Amino acid sequence: MKEFKKAFPITIPVMAGYIFLGITYGILMVTNGFPIWLPILTAAVIYTGSMEFLMVEILSSSFAPLSAFLTAFMVGARHLFYGLSMLKKYNGCGRSKFYLIYTCSDETFALNYNADPTGLNITRFYTIISLLDQIYWIVGALIGSIFGTLITFNTKGLDFVMTAMFLSIFADQWLKDKKARKSEEALLEEDEKESLPRRTILLLWLRHHLPEIVGLLASLVCLLIFGSSKFIIPSMILMLTLLTVFCPIIEGGKKR
């Protein structure tokens, strides 16, 4: 299946992150006294890594449904922006759209948003990426829950795998935009390129890397203002606002 051959390689960084994080989650659940089957079930049903880690504390504390709801809503609010960004891409996917929406995790969103399914069955391609990512997470939770009590090494810092994975996806997107910029420059005549002022060249560079720059600066500003525990939602709102404002510039660069 050509869709699988195209989809699997680009999910390998997610596999590395999800399996190790899933193992950490499974270990955390089992060592907190929960049954082996619970982390596997929550990995399949809840399927949102950050919230699942918080679920350990929520389930271990006194019953507070309102607090649990508000926590889940705040943590998952970023997916509202993911959905808005994927409206066009998932349009026409039929019944598969419901599964694609359900499995639109941070990493799956990044892969499907940046993927190039040219010449492929788009619905099948997006679905395979989403399914593979979910399988990686469930398998990781399964391994962690079964063998968690047998693992004796210190797992502190293992959650940095998620950060490393985001950096890998960011670097890949940056390189893709750099390649696209070089392809655009190759279309220009030599004499035309020599006549371009430095300001124009700088503007071309900024236009191609504008989404990445907006993401970095918005996150940094909100991190400094709101702190590490509350910056995610403000940064998402700021990113959405800025990308909406700069949309004509970004789209103009793609159509050129």
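Me: Where is Asn32 placed?

Reply: Asn32 lies in the loop between helix 2 (12–31) and helix 3 (37–45). Helices here are DSSP runs (H or I, at least four residues), numbered from the N terminus. This is a predicted model, where local features need pLDDT of at least 70, side-chain atom pairs count only at pLDDT 80 or more, and totals for chains, interfaces and linings use all residues. Residues are numbered from 1 along each chain as its sequence is written, and side-chain values use heavy atoms, leaving out hydrogens and water.

Me: As what does Asn32 count in accessibility?

Reply: Start with the cut-offs: buried is under 20% relative accessible area, exposed is over 50%, and partly exposed is in between (1.4 Å probe, protein chains only). Asn32 has 41% relative accessibility, so it counts as partly exposed. Ile36 is in the loop between helix 2 and helix 3 too. Ile36 counts as partly exposed, at 43% relative accessibility.

Me: Leaving aside neighbours within four places in sequence, what is Asn32 in contact with?

Reply: Contact means heavy atoms within 4.5 Å. With those neighbours left aside, Asn32 is in contact with Val56 and Ser60. Asn32 and Leu59 are 27 residues apart in sequence, and 9.9 Å apart in space, C-alpha to C-alpha.

Me: Why is helix 9 largely enclosed by the rest of the structure?

Reply: Count its buried residues. Helix 9 (residues 106–114) is largely enclosed because 7 of its 9 residues are buried. Among them are Phe109, Ala110 and Leu111.

Me: How many disulfides are there?

Reply: A disulfide is a covalent bond between the sulfur atoms of two cysteines. The test is a pair of cysteine sulfur atoms within 2.5 Å. The count comes to 0 disulfides. Cys93 is buried, at 6% relative accessibility. Cys222 is buried, at 4% relative accessible area.

Definitions and conventions:
Helix = DSSP H or I, 4+ residues; strand = E, 2+ residues; numbered from the N terminus.
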